[in-house]
Amino acid sequence: MASSLVKSLLKTSSSSSLSSSLRSVISISSRSYARVSAKEKYQKESEKEEIVPVFESDVCDAPASGISKPLSEILKELSKRIPDALIKTRSEKGFTMRYIPWHIVNRILNVHAPEWSGEVRDIKYSADGKYVSVIYRVTLYGTDAKIYRESTGTVSVDDKISGDPVQKAESMAFRRACARLGLGLHLYHDDLS
């Protein structure tokens with residue numbers, strides 16, 4: 001099922017004007033899925049036949065060390081301008097906003113900072129119960145250092161147009177924390193001009 005999704009994304013990306021960055025994200029996702037599938041298949045066969053591998057490295061993927069890059073390279077990649085084809089627009093309270101969907105931000109992080117992590121640090125409701133705020137932290141791990149940024153997202157509890165308010169606030173906080181690391185930061189500057 002996932003491989004057909006990847007094939008359809010590749011087909012879509014080759015027919016449209018999407019950048020080579022997105023094509024590489026999709027193809028890397030495809031290879032990762034194939035690697036996981038092969039490993040799961042081997043594990044299932046091993047369970048049935050009780051095969052013991054001669055070397056552990058025959059079964060395991062490449063070690064996690066070496067995946068990452070120096071933090072300066074990661075931040076340089078994340079600071080690049082996002083192609084317009086990946087940017088969405090929505091209107092809210094008379095304002096038009098451009099944003100990058102959370103799943104695209106997630107994929108970009110997976111490609112350029114594969115050892116990143118994210119976590120919800122807190123969920124708070126306003127005293128009157130009308131708003132919910134989520135505090136989110138994104139941590140990047142380079143070969144030489146790690147860095148994290150936190151941000152908040154606040155939405156009205158009554159705002160159920162695009163799903164659960166807590167999920168919407170989390171998505172907003174996630175994107176903002178990534179912007180503090182440079183990812184999509186240009187969108188905030190574009191809005192000022």
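View 1. Lys168 is placed in helix H5, where helices (H or I, at least four residues) and strands (E, at least two) are DSSP runs numbered from the N terminus. With a relative accessible area of 15%, Lys168 is buried, a term that stands for under 20% relative accessible area, whereas exposed stands for over 50% and partly exposed for the range in between (1.4 Å probe, protein chains only). Once neighbours within four places in sequence are left aside, Lys168 is in contact (heavy atoms within 4.5 Å) with Glu92, Val155, Asp159 and Ser162. The model is predicted, so that local features need pLDDT of at least 70 and side-chain atom pairs count only at pLDDT 80 or more, while totals for chains, interfaces and linings use all residues. Residues are numbered from 1 along each chain as its sequence is written, and side-chain values use heavy atoms, with hydrogens and water left out.

**View 2. Cys178 in helix H5.** Cys178 also has its place in helix H5, which covers residues 165-180, and it counts as buried because its relative accessibility is 2%. Apart from neighbours within four places in sequence, the residues in contact with Cys178 are Val105, Leu109, Val138 and Leu183. Between Cys178 and Arg149, which are 29 residues apart in sequence, the C-alpha to C-alpha distance is 7.5 Å.

**View 3. The aromatic pair of Tyr136 and Phe174.** The whole structure holds two aromatic pairs, a pair being rings of Phe, Tyr and Trp (its six-membered ring) with centres within 6.5 Å, counted as stacked if the planes are under 30 degrees apart, edge-to-face if over 60 and tilted for the rest. The ring centres of Tyr136 and Phe174 are 5.4 Å apart and the planes stand at 70°, so this pair is edge-to-face. Because Tyr136 lies in strand S4 (residues 131-141) and Phe174 in helix H5, the pair ties together parts that are 38 residues apart in sequence. Tyr136 and Phe174 are both buried, and together with Trp116 they form one aromatic cluster.

**View 4. Arginine side chains over tyrosine rings.** A charge sits over a ring if NZ of Lys or CZ of Arg is within 6 Å of the ring centre and within 35 degrees of the ring normal. The charged end of Arg90 is placed over the ring of Tyr99, 4.6 Å from the ring centre, and Arg137 lies over the face of Tyr148, with 3.8 Å to the centre of that ring.
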